[in-house]
Amino acid sequence: MSDAPVVLVTGGSRGIGAAVCRLAARQGWRVAVNYASSRQAAEAVVAAITEAGGEAVAIQGDVGTAADIVAMFAAVDRHFGRLDGLVNNAGIVDYPQRVDEMAIERIERMLRVNVTGSILCAGEAVRRMSSRYSGRGGAIVNVSSMAAILGSATQYVDYAASKAAIDTFTIGLAREVAAEGIRVNAVRPGIIETDLHASGGLPDRAREMAPSVPMQRPGTAEEVADAILYLLSPSASYVTGAILNVSGGR
Ligand code: NAP
């Protein structure tokens, strides 16, 4: 049986998460590819990893549902029997709205998926990785956004606030578990070419916003994955509580 480290990537079926899964496998991780509804996409990520000689499994679970999170980690336990890394990547936006137009249902869903889901997943990971629970240590990488700094006025201030919560959560959890063998860091992607913009009703957003980026282009999911894999890796052994902008200078 392989003793390669295991990483769980939430929202690993598409976009940045899928790029993280593929790169993690190339760098020797065994990968749990979580998805909410895109089963085919998740299985395609697993197939690509397997065909290249890696090991991966697709695990369905909505990180906005506590019971799904418990079941997802139990599936990782059953399949791999260990956990060394968590990438809290699953996240949603919504259609552009001003705050004075937002209904409570929208705001609660945004916070449940982006914030509560990430915190609950981190708790499950800590229970498996912390020396406090006889774990062998590990690394958590949270996916924030430059929106946490910029605020996303007239588009999705609720989303921006959810990502600011992720920044603070990263700092607090990093300090809480630093002496227990777990490093906790985050990346703040800028404008990245994925389906996320279409799901917020703005399919051309990445291309249209390119002139506002100092580097004059959107980033790719692979460029964000590179930063995430660095933070997961032993190369970042003295890095915790850090939040790395991956935003072309934005
Ligand atoms: P994406 O292309 O829309 O992919 C989202 C992924 O998250 C999919 O795999 C999706 O699964 C999964 N997901 C969504 N809701 C979920 C839930 N409730 N439970 C489990 N999985 C769920 O988005 P992306 O651009 O790669 O974004 C990934 C992360 O980067 C998000 O946290 C996002 O906020 C952040 N980010 C993105 C950008 C950008 O410009 N794209 C910028 C800054 C930050 P299904 O396939 O099953 O739907």
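A polar contact is a pair of N or O atoms within 3.5 Å; within protein, one must be able to donate a hydrogen and the other to accept it, and residues adjacent in sequence count only if both atoms are side-chain atoms.

## The model

This model is predicted: local features need pLDDT of at least 70, side-chain atom pairs count only at pLDDT 80 or more, and totals for chains, interfaces and linings use all residues. Numbering runs from 1 along each chain as its sequence is written, and side-chain values use heavy atoms, with hydrogens and water left out.

## Contacts with the ligand

For Ser-13 the distance is 2.7 Å. For Lys-163 it is 2.9 Å. For His-197 it is 3.2 Å. On its own, the ligand has 900 Å² of accessible area (Shrake-Rupley method, 1.4 Å probe), and the protein covers 95% of this area.

## The shell

The ligand is surrounded by 31 residues (each with a heavy atom within 4 Å). Ser-13, Ser-37, Ser-38, Tyr-159 and Thr-194 are the closest. By class, the shell holds 13 nonpolar, 14 polar and four charged residues. Here Asp, Glu, Lys and Arg count as charged; Ala, Val, Leu, Ile, Met, Phe, Trp, Tyr, Cys and Pro as nonpolar; and the others, Gly among them, as polar.

## Salt bridges

The whole structure has 14 salt bridges (a side-chain nitrogen of Lys or Arg within 4 Å of a carboxyl oxygen of Asp or Glu). One of them joins Arg-39 to Glu-43, at 3.1 Å from N to O.
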